[in-house]
Structure formats: structure tokens, C-alpha cells
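Here are my notes for a first look at this model. Please read them with the structure open.

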Amino acid sequence: MKNSKEKKRENWRSMDTQDRTVFNSILKDLKDHPSVLQMKEYKQHGKTTTYDHCMSVARVSYKLDRLLHSKCDKIALLRGAMLHDLFLYDWHDSNSCTDGLHGYHHADKALKNAREIFNIGKKEADIIYSHMWPLNISRIPKRREAWVVCMADKYVSLRETIHRK
Ligand SMILES: [Fe+2]
Ligand SMILES: [Fe+2]
């Protein structure tokens, strides 16, 4: 028998059929795009690929938006979350990341790629640009969508790092 705390925790994490339909329809073209699939070649944290990390951040962003009643633009939220780490290199490899400042610079690389490859709007651009706040201290998220992805990214990154999966 689950107590109310466990039920509540399960509830915020869960996605029903309708949620999954909305989620998959918004990300349908992105999920299978060759440039996005390229993220499967790179590890993010532990054994998690950058692709799986971005999918997790999109999923958690969707659920956080619901939990916080933040009424985000779901299309911008999910697409920005899916593209937020589209930097397309192995950040563990010193030949790919020569300056050793991946944490500070990868948002710019992801934004450049997202702009060149996809027709992203201002909201998606803001999400990508500010997702590394507070490490990039001056890039305070300006929109609710950017705040939600920024928080979701911290949560997912911590979970991946702790569980090394
Ligand atoms: Fe990132
Ligand atoms: Fe990330």
C-alpha cells in the first residue's frame, strides 16, 4: 500500500496516454532528425548519452510545467529542452573541447547549431542560451519556459551523475 507522499511523488512523475501523445507529437520531427540523433554518439553524464539526457530534460520540463502550473508554451518548452545541449561533440575528449571550458561555452554552440539546423523561435533560443545559469551568471532566464528547462536540467543532471547511468 502506497502512502500519500509516495502517490504524490509518483503522480508528478507520471505521464498518461494523452501526455505522451502531446509530448511525442511536439517532438516527432526533432526526435528522428539526423542532427539530433547524432547526440546518441556522445556521453553526457555517466553512461547517459546526450540524446537521452535531452529527452529526460524534455520529459521533466513537461511534468514540472504541470506541477508548477506555470502555463508554459509547450511547443517552445519541449523543443527548447530537446535542443538545449545540441553542441555535437564529446565534451570529455580534450581534442574536441580544447579550451576545457565546456560548461561555459556549450550553450553558445548548441544555440548556433539549433539556429542553423532548425527554424527556432525566440523562446527556444532563450531556453538554450540561459540553461547554464547560474554557472553562466549573467544569463538569468527571462521566460517561464527558460526557467523550467533550467531547473529540469539541474535535476536530471544531478540524477544522472548520482546514479551514473
Ligand atoms: Fe548544457
Ligand atoms: Fe543539459
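**Notes on helix packing, core and loops**

1. A76, L77, G80 and A81 of α5 meet E145, V148, V149 and A152 of α8. Here, two residues are in contact if their C-beta atoms, placed from the backbone, lie within 7 Å. By class, this contact of α5 with α8 has six nonpolar residues, one polar and one charged. Ala, Val, Leu, Ile, Met, Phe, Trp, Tyr, Cys and Pro count as nonpolar, Asp, Glu, Lys and Arg as charged, and the others, Gly among them, as polar.

2. A word on the source. This is a predicted model, in which local features need pLDDT of at least 70, side-chain atom pairs count only at pLDDT 80 or more, and totals for chains, interfaces and linings use all residues. Residues are numbered from 1 along each chain as its sequence is written, while chains are lettered from A and ligands numbered from 1 in the order in which they are written. Helices (H or I, at least four residues) are DSSP runs, numbered from the N terminus.

3. How do α5 and α8 cross? Their axes come within 10 Å and cross at roughly 40°. Axes are lines fitted to C-alpha atoms, for helices over the stretch in contact, and angles run from 0 to 180 degrees between N-to-C directions. That angle makes α5 oblique to α8. Angles under 35 degrees count as roughly parallel, over 145 as roughly antiparallel, 65 to 115 as roughly perpendicular and the rest as oblique. The crossing of α5 and α8 is right-handed. A crossing is right-handed if the near helix is turned clockwise from the far one by less than a right angle, and left-handed if anticlockwise.

4. Next, α2 with α5. The axes of these helices come within 10 Å and cross at roughly 50°. α2 and α5 are therefore oblique to each other. Their crossing is right-handed. From α2, the residues V22, F23, I26, L27 and L30 meet K74, I75, L78, R79 and M82 in α5. The contact of α2 with α5 divides into eight nonpolar, no polar and two charged residues.

5. Then α6 with α7. Helix α6 covers residues 102-117, and helix α7 covers residues 122-130. Their axes come within 8 Å and cross at roughly 155°. That makes α6 roughly antiparallel to α7. The crossing of α6 and α7 is right-handed. A107, A110, L111 and A114 in α6 meet E124, A125, I128 and Y129 in α7. By class, the contact of α6 with α7 has seven nonpolar residues, no polar and one charged.

6. Which residues have the most contacts inside the largest nonpolar core? They are A58, A81, M82 and V149, in a core of 36 residues. A nonpolar core is a set of buried Ala, Val, Leu, Ile, Met, Phe, Trp, Tyr and Cys residues joined through C-beta atoms within 7 Å. At least two residues of this core come from each of α2 (17-31), α4 (50-68), α5 (74-83), α6, α7 and α8 (144-163). Leaving aside neighbours within four places in sequence, M82 is in contact with L27, L30, V36, C54 and A58. In soluble globular proteins, nonpolar side chains tend to be buried together.

7. Look at D65 in helix α4. Is D65 buried or exposed? D65 counts as buried because 21 C-beta neighbours lie inside 10 Å. A residue is buried if 20 or more other C-beta atoms lie within 10 Å of its own, exposed if 12 or fewer, and partly exposed in between; C-beta atoms are placed from the backbone. Leaving aside neighbours within four places in sequence, D65 is in contact with S70, C72, L77 and V148. D65 and A152 are 87 residues apart along the chain, and their C-alpha atoms are separated by 9.8 Å.

8. Check the loop between α4 and α5, where H69 lies. Phi of H69 is near 50°, a positive value in a residue other than glycine. H69 counts as exposed because it has 7 C-beta neighbours inside 10 Å. K71 lies in the loop between α4 and α5. Phi of K71 is near 50°, also positive in a residue other than glycine. K71 has 9 C-beta neighbours inside 10 Å, so K71 counts as exposed.

9. Finally, a cis peptide bond runs from W133 to P134, with omega near 10°. P134 is in the loop between α7 and α8.
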